[in-house]
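Subject: Structure handover and notes

Dear colleague,

Here is the structure that I promised to pass on to you. Please look through it first, and then read the notes that follow.

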Amino acid sequence: MERLQKYMAHAGIASRRKSEELIQDGKVKVNGQVIRELGVKIDPLKDKIEVEGKQLKPEKNVYILLHKPVGYVTTLDDPQGRPIVTDLIKGVKERIYPVGRLDLDTSGLLILTNDGEMTNRLMHPKHEIVKTYVALVKGKPTKVSLQAFASGLELEDGMTAPATVGILGNKGKNTTLKIQIHEGRNRQVRRMCQTLGHPVVKLKRVSLGFLSLDGLTVGKWRFLRRDEIKQLKTY
Ligand code: URA
């Protein structure tokens with residue numbers, strides 16, 4: 001069961017707010033009856049919904065994997081008018097939104113979908129989906145100092161869960177690290193590295209669970225395959 005206005009928004013009729021107006025204006029019928037209240041829930045598989053006399057067909061679910069470039073925000077309405085990740089997805093008419101977020105200055109793997117259930121599932125901390133990042137950090141952390149990633153780091157919002165980290169190499173005065181976390185706190189990787197005294201210079205998410213960027217160049221996207229969607233639904 002789903003709220004009528006939410007269903008209308010997902011079906012691509014209008015924003016949720018506009019859908020509420022259409023309902024209040026008496027322009028929406030459920031099983032032949034005009035509905036004017038907002039709390040009504042419908043069963044998309046059983047109920048017949050008409051908006052201004054036209055019957056709605058449910059929007060199909062789409063699942064997209066994007067290689068997000070630096071300089072794009074993952075929020076859908078940015079008050080500062082910066083580029084938004086969905087600007088990169090041309091030719092998809094469904095209202096998709098990112099699963100979780102990546103910072104403006106982070107690049108890498110981002111899933112976008114209109115499947116709210118899948119979004120909730122992937123975001124829920126209990127699923128502990130491993131996210132892998134490659135971070136260029138300032139300085140030369142030692143193996144010993146990096147042990148704090150495994151034992152947990154004290155951040156403003158509490159201790160971090162155990163994470164794994166490996167040194168991939170040195171670049172001048174900087175070091176490239178591979179970091180795996182399964183939490184998704186705001187700017188978590190940056191804050192963890194900063195806490196250790198090695199601020200992040202560059203950050204990229206290279207994988208999320210079994211999904212990786214393999215071959216997808218920056219700014220490009222593809223639809224997830226059916227087997228990938230099926231596997232994501234097992235999380
Ligand atoms: N951790 C960060 O600090 N930034 C991101 O964008 C993702 C994870």
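Two strands are said to pair if DSSP finds at least two bridges between them, and the helices (H or I, at least four residues) and strands (E, at least two) are themselves DSSP runs, numbered from the N terminus. This is a predicted model, in which local features need pLDDT of at least 70 and side-chain atom pairs count only at pLDDT 80 or more, while totals for chains, interfaces and linings use all residues. Residues are numbered from 1 along each chain as its sequence is written, and side-chain values use heavy atoms, with hydrogens and water left out.

Of the 235 residues, 43% are buried, where buried means under 20% relative accessible area, exposed means over 50%, and partly exposed lies in between (1.4 Å probe, protein chains only). If you take the contacts (heavy atoms within 4.5 Å) between residues at least 6 apart in sequence, 63% of them join residues at least 24 apart.

Strand 7 (residues 63-68) pairs with strand 9 in the antiparallel sense over six bridges, and here Tyr63 has Thr113 as its bridge partner. Strand 8 (residues 97-98) is also antiparallel to strand 9, over two bridges, with Leu112 as the bridge partner of Pro98. Strand 15 (residues 200-208), by contrast, runs parallel to strand 9 and is joined to it by three bridges, and Ser107 has its bridge partner, Lys204, in strand 15.

The structure also holds two aromatic pairs, meaning that rings of Phe, Tyr and Trp (its six-membered ring) have centres within 6.5 Å, with planes under 30 degrees apart counted as stacked, over 60 as edge-to-face and the rest as tilted. Phe210 and Tyr235 form a stacked pair, 6.2 Å centre to centre with 25 degrees between the planes. This pair links distant parts of the chain, since Phe210 lies in the loop between strand 15 and strand 16 (211-212) and Tyr235 in the segment after helix 6 (226-232), 25 residues apart. Trp221 and Phe223 form an edge-to-face pair, 5.1 Å centre to centre with 90 degrees between the planes.

Best wishes
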